[in-house]
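This briefing goes through the fold, a few helix contacts and the aromatic side chains. Please keep the sequence and the structure at hand while reading.

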Amino acid sequence: MSLHCDLRVYVNGQQTFFLNEKIISAYSGRLKKIIKQEKRRTQIKNSGIEVDNFPGGSDGFELVLRFCYNGGKIEITVSNVSLLHCCAVFLGMSEKVTASNLLQQTEKFLETMFYWSWNDVIASLKCCETFLSYADSVGLLPKLICALLAKIAQNSDLNRINSSSSSSSSPEMASRFRFSSSAKTTPDSKSPFSSSKAWWFDDLTVLSPLIIEMVVKSLGAHGSENNSLTLTRFLLHYLKTVSQRKGNVAGLSASTKSDYISLADTAVHGVILVGKTAFSCRGLLRVLRIVSGFGISKDCRVGLERLIGGMLDQATLDDLLVSGHDRGVYDVNLVVRLIRVFVNGDGWSTEEMKKVARLVDKYLGEIAPDQNLKISKFLGVAESLPDSARDCYDGVYRAIDIFLESHPSLSFEERSRLCRCLNYEKLSLEACKDLAKNPKVPPRITVQALMSQQSYVPPAEDFLPAQVTQGSPATSDRQIVVYGRVDTESVEEENHDMRMNLQRMQWRVNELEKVCKQMKGQMSKIVRHPSSSRSLPRLC
């Protein structure tokens, strides 16, 4: 015998259900009340009602109908109990309407959650993601999170947090925990991980960021309150896993990214708290790579960069090759900020500063081929260190040579500007010779470099060995006099040749400048008087 459908229900504006009013009213006190009010208002026998913000949408409503049309019976499992419970609360399916109603059945099932397996708790939490706010408002989500933490506590080394710490969202959250760095056995025959990756890390990565945030808040470790190394490592693992699953995190929508920002900030606060004691410079740069994709607050970024910059002498070239977010291949601005942090610090030694200088010179050589790299950014890196940090500028010159090779369209002024970061007096003789032969380097720069080398040629006396003491054999004194005389002549001859070469080069530069000025003057006359261009003399 078919049932007469005399009621239309529109659920969340998505789907329409045609129902028997008597059956649905026998279990749902809320729908029964709405139907009566609608009939009084419209006086229409076949009425229709709208139900908005229904937990689980049409899927949840269909589960409820199965219960109602099956005489108040349905199989309740860990996969559907969360949805059924929220639907029962929403529709008022309590014992006031009928005995052994849906709400009582779900509550009885949920009472056993502390005896569920680890995977059952995860599955039930996962099901709440589509109606998260409602599950939280009815108190279901805090209970599931409490069961989750209890499972971790049973199988890990966890210490209770003092009850005077931040308050939780429900009385059941009185059992809060602080994670230690060690791990014991695992539920469901899972193998334990090392202290840096506990056994439960991977399992929780399937949960949404909003659920993870609620877990963190229930521990009283949200934001700047995070003082747990294990929780910090978990959040970094969670964010890293999410970025790997979603590919390019930078391409995520702003609303999606916003769900992860608080988690990233919480992780950074934990990293800053433990600092150098738990993370190396390389580890901190990896942390920066992970959290930067999701976005972090300015204060967190500054704090993390300050921590990394103070350990820059421990970094390697690969550590600094962080991908850029703009047109450039690498994030040069980040490296400049890190160098400034190190330089402005007061805890470095001379050797550590020179070590950073060698690293920076290598970095310059690595970023120089980038055709999108601007001169200002190259100079920003090269000039971020004091002159005393470098004993030799050969590395900077090699990077400049690579930059000039990769940017052939640079003007004369731009090439001259690029070379301003060189200290010619600290160039080796080999580098200075290469610079003099380099056609990409402006002639005036070449002259300045050679003149600085010539001015630092030591006098002939510096090549003489020390005088012998009284009592030394006469033969030794004669040997020294002969050696000094030969060496002096050689040095004076080299000095004379170098001065002559510099004079010739200076004369050549002056001649080139005169020719350039003459050509510019004649070109300006051509522009002003085109008809007179035929009478101009030819330049040879």
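Which residues in H17 meet which residues in H19? On the H17 side they are Asp361, Leu364 and Gly365, and on the H19 side Gly395, Val396, Ala399 and Ile402. The model is predicted. The protein has 540 residues, of which 44% count as buried, and it holds 23 helices and 5 strands.

**Overall contacts**
- Among contacts between residues at least 6 apart in sequence, 69% join residues at least 24 apart.

**H17 and H19**
- The axes of H17 and H19 come within 8 Å and cross at roughly 10°.
- That angle makes H17 roughly parallel to H19, because angles under 35 degrees count as roughly parallel.

**Helix H18**
- Helix H18 spans residues 375-382, and its buried residues are Ile375, Phe378, Leu379, Val381 and Ala382.
- These residues cover an arc of only 160° around the axis, so they lie on the same side of H18.
- An α-helix has 3.6 residues a turn, so residues three or four places apart point the same way.
- The packing partners of the buried H18 residues are helix H16 (332-344), helix H17 (350-367), helix H19 (394-406) and helix H20 (412-418).

**Leu410**
- Leu410 is found in the loop between H19 and H20.
- With a relative accessible area of 14%, Leu410 is buried, because buried means under 20%.
- Leaving aside neighbours within four places in sequence, Leu410 is in contact with Ile375, Phe403, Leu404 and Arg415.
- One of these partners, Ile375, is also among the buried residues of H18.
- Leu410 and Ile375 are 35 residues apart along the chain, and their C-alpha atoms are separated by 9.7 Å.

**Helix H6**
- In helix H6 (residues 118-127) the buried residues are Trp118, Val121, Ile122, Ser124 and Leu125.
- An arc of only 165° around the axis covers them, which puts them on the same side of H6.
- They pack against helix H4 (81-91), helix H8 (140-154), helix H9 (201-204) and helix H10 (209-218).

**Ser25**
- Ser25 lies in helix H1, which covers residues 21-25.
- Its relative accessibility is 13%, so Ser25 counts as buried.
- Not counting residues up to four places away in sequence, Ser25 touches Lys32, Ile35 and Val97.

**Aromatic pairs**
- The structure holds 15 aromatic pairs.
- One of them joins Phe109 and Trp116, with 5.8 Å centre to centre and 50° between the planes, and is tilted.
- Phe109 is partly exposed, with a relative accessible area of 24%, whereas Trp116 is buried at 6%.
- Trp200, Phe201, Phe234, Tyr238, Tyr260 and Phe294 are linked into a cluster by ring pairs.

**Charges over rings**
- Arg30 places its charged end over the ring of Phe90, 4.1 Å from the ring centre.
- Arg233 has its charged end over the ring of Phe279, 5.2 Å from the ring centre.

Methods
Residues are numbered from 1 along each chain as its sequence is written. This is a predicted model: local features need pLDDT of at least 70, side-chain atom pairs count only at pLDDT 80 or more; totals for chains, interfaces and linings use all residues. Side-chain values use heavy atoms; hydrogens and water are left out. Rings of Phe, Tyr and Trp (its six-membered ring) pair if their centres lie within 6.5 Å; planes under 30 degrees apart count as stacked, over 60 as edge-to-face and the rest as tilted. Buried means under 20% relative accessible area, exposed over 50%, partly exposed in between (1.4 Å probe, protein chains only). A charge sits over a ring if NZ of Lys or CZ of Arg is within 6 Å of the ring centre and within 35 degrees of the ring normal. Helices (H or I, at least four residues) and strands (E, at least two) are DSSP runs, numbered from the N terminus. The arc is that of the directions from the helix axis to the C-beta atoms. Contact means heavy atoms within 4.5 Å. Axes are lines fitted to C-alpha atoms, for helices over the stretch in contact, and angles run from 0 to 180 degrees between N-to-C directions. Angles under 35 degrees count as roughly parallel, over 145 as roughly antiparallel, 65 to 115 as roughly perpendicular and the rest as oblique.
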